[in-house]
Amino acid sequence: MPKYYEDKEEDGRACGGVREDLRQCLLDSPCVLQENKSPKQCLREGHCRSLQMTFFACKRSMVSVCGVFSVSSLN
């Protein structure tokens, strides 16, 4: 269960709570603990997929389409 709503230190980064939950999920996964693989490798193999998708959705929501393309930047 996600813990980003619980008392945690603020890291000041966007989507920090979800990022921390994803990190903890990977570090606690059997892939890392029993198979001694890196968290990056376990993520590629599909571990903690739901938190990964939530994190990516959060990061995508931070980008505003209107802010990316402005008339003044095209000149």
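The model is predicted, so local features need pLDDT of at least 70 and side-chain atom pairs count only at pLDDT 80 or more, while totals for chains, interfaces and linings use all residues. Residues are numbered from 1 along each chain as its sequence is written, and side-chain values use heavy atoms, with hydrogens and water left out.

## Helix H4

Helices are DSSP runs of H or I with at least four residues, numbered from the N terminus. Helix H4 covers residues 49–61, which is 13 residues. From first C-alpha to last, H4 reaches 18 Å, close to the 18 Å expected at 1.5 Å a residue. That expected span is 1.5 Å times one less than the number of residues.

Which residues of H4 are buried? They are Leu51, Gln52 and Phe55. They sit on the same side of H4, because they cover an arc of only 105° around the axis. The arc is taken from the directions from the helix axis to the C-beta atoms. Buried means under 20% relative accessible area, exposed means over 50%, and partly exposed lies in between (1.4 Å probe, protein chains only).

The face of H4 turned away from the buried side carries the exposed residues Ser50, Arg60 and Ser61. The buried residues of H4 pack against helix H1 (16–28) and helix H3 (39–44).

Leu22 lies in helix H1. Leu22 counts as buried because its relative accessible area is 9%. Beyond residues up to four places away in sequence, Leu22 touches Leu43, Cys48, Leu51, Gln52 and Phe55. Contact here means heavy atoms within 4.5 Å. Leu22 and Cys48 are 26 residues apart in sequence, yet 6.9 Å apart in space, C-alpha to C-alpha.

Arg19 is also found in helix H1. Arg19 is partly exposed, with a relative accessible area of 25%. Leaving aside neighbours within four places in sequence, Arg19 is in contact with Arg13, Ala14, Phe55 and Lys59.

## Three disulfides

A disulfide is a covalent bond between the sulfur atoms of two cysteines. Here, a pair of cysteine sulfur atoms within 2.5 Å counts as one. The structure holds three disulfides.

| Disulfide | S to S | S-S torsion |
|---|---|---|
| Cys15 and Cys58 | 1.8 Å | about -95° |
| Cys25 and Cys48 | 2.0 Å | about -95° |
| Cys31 and Cys42 | 2.0 Å | about -90° |

What is the handedness of the disulfide of Cys15 and Cys58? The torsion is about -95°, so this disulfide is left-handed. Cys15 is in the segment before H1 and Cys58 is in helix H4, 43 residues apart. Cys15 is buried at 10% relative accessible area, whereas Cys58 is partly exposed at 21%.

The disulfide of Cys25 and Cys48 is left-handed. Cys25 lies in helix H1 and Cys48 in the loop between H3 and H4, 23 residues apart. Cys25 is partly exposed, at 27%, but Cys48 is buried, at 12%.

The disulfide of Cys31 and Cys42 is left-handed too. This pair links helix H2 to helix H3, 11 residues apart. Both Cys31 and Cys42 are buried. With bonded cysteines counted along the chain, the pattern is 1-6, 2-5, 3-4.

## Positive phi

Most residues other than glycine have a negative phi. Cys48 has a positive phi of about 60°, although it is not a glycine. Asn36 has a positive phi as well, near 55°. Asn36 lies in the loop between helix H2 (30–33) and H3. Asn36 is exposed, with a relative accessible area of 65%.

Technical notes:
Helices (H or I, at least four residues) and strands (E, at least two) are DSSP runs, numbered from the N terminus.
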